Amino acid sequence: MKRLKSIAKWAGIALVVLFLLAAIVPLLIPVAPLENLASAASVAPPESQFVTIPFDGTDGIDIHYLADEAAEDGEPTFVLLHGSNFNAFTWNETLDFFDERGRVIAYDQIPYGLSEKLVAGDWNGRNPYSTEAATAQLMTLLDTLGVEKAILVGNSYGSVLALEAALAYPHRVEGLVLADSAVYVSESMPPAVMNLPQVQRLGPLFGRMIGGSEAFVRQTYLDPAAIDDQRMRLTLIHTEVANWDVAMWDYLREWGAAPTDVGEQLAAISQPALVLTGDGDAVVPPVDSERLADALPNADYTVLANCGHVPQEECPVQFTDAVGIWLGQFDP
């Protein structure tokens, strides 16, 4: 009995020590700022454009985008929405396709790509990284660029933003193209955990780990070898911009604490939609896209053979062929 009491005593002491280490060690880990980072404008390619949009509680948000001239009368405007860790350059292989059919705008949602890297202290009031804020920023960008209505084309979490916009601003969304949609993906974290001092201190390291992950990018392709150095550089171009890691952490903290619930409101979305999925998507199972198509009242469903999570990059011909057929319903 004495031996059992001794074991329990030392086990209790060990647990206390482990708890203290878990509480104290993270506060002692140095988090040195990243060096040799630049401004967004200095790393932007020639085709890049920038515009500052108003957002309450800030002095405006600088948005990076790719676009052509205004559409002719009767032509649609296509707004292209990238997924997490990606940016407007993910649409490079399909920009000409949309340009031939109307006006096209592809932009970087904050804090991705070359759009502004807001960090705590850059705003007061509502968080610019919330789902509601992202939807408002989309509409403000359209207002700024003189777009009244648009067909929203989204990939992964970009398609979630497209659905949120269709719910909040139905009069401004003519149609939806939803590729490998992350509607049913849940990656929430309890706010109490996200706001622990230990987690807060290591936050920029988490931002670097997630926002700078080449491994994540490679898993989005069915054939990772198809990602060359230039494609990887464009995908992770945000890692060349000052404050990207801190901004990424501030984004992740808000995003993880308040996940979207758009999957529960799909029956209210009446716009025509095309739901696409690569049959080799390792990030969002194709069954999730089929479920999305079944839940939307007015959706078509297409499976792209031998393609992964980002068909606009890996399988652009299949992607544009499918979208082209679907767009026939909008012809006058």
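Reply:

The protein has 13 helices and 8 strands, where helices (H or I, at least four residues) and strands (E, at least two) are DSSP runs numbered from the N terminus. This is a predicted model, in which local features need pLDDT of at least 70, side-chain atom pairs count only at pLDDT 80 or more, and totals for chains, interfaces and linings use all residues. Residues are numbered from 1 along each chain as its sequence is written, and side-chain values use heavy atoms, with hydrogens and water left out.

Of the 332 residues, 49% are buried, meaning under 20% relative accessible area with a 1.4 Å probe, counting protein chains only. Helix α5 covers residues 157-168. From first C-alpha to last, α5 reaches 17 Å, close to the 16 Å expected at 1.5 Å a residue; the expected span is 1.5 Å times one less than the number of residues. In α5, 10 of the 12 residues are buried, including Y157, G158, L161, L163 and E164.

The largest nonpolar core has 52 residues. Such a core is a set of buried Ala, Val, Leu, Ile, Met, Phe, Trp, Tyr and Cys residues joined through side-chain atoms within 4.5 Å. Its largest share, 7 residues, comes from α5. L163 is one of the residues that touch the most other members, along with Y107, L138, L152, L176 and L296. Leaving aside residues up to four places away in sequence, L163 touches L176, L178, V183, V262, L266, I269, L292 and L296, a contact being heavy atoms within 4.5 Å. Apart from this core lies another, of 31 residues, among them A106, V241, V323 and W326.

Key:
Buried < 20%, exposed > 50% of the residue type's maximum accessible area, 1.4 Å probe, protein only.
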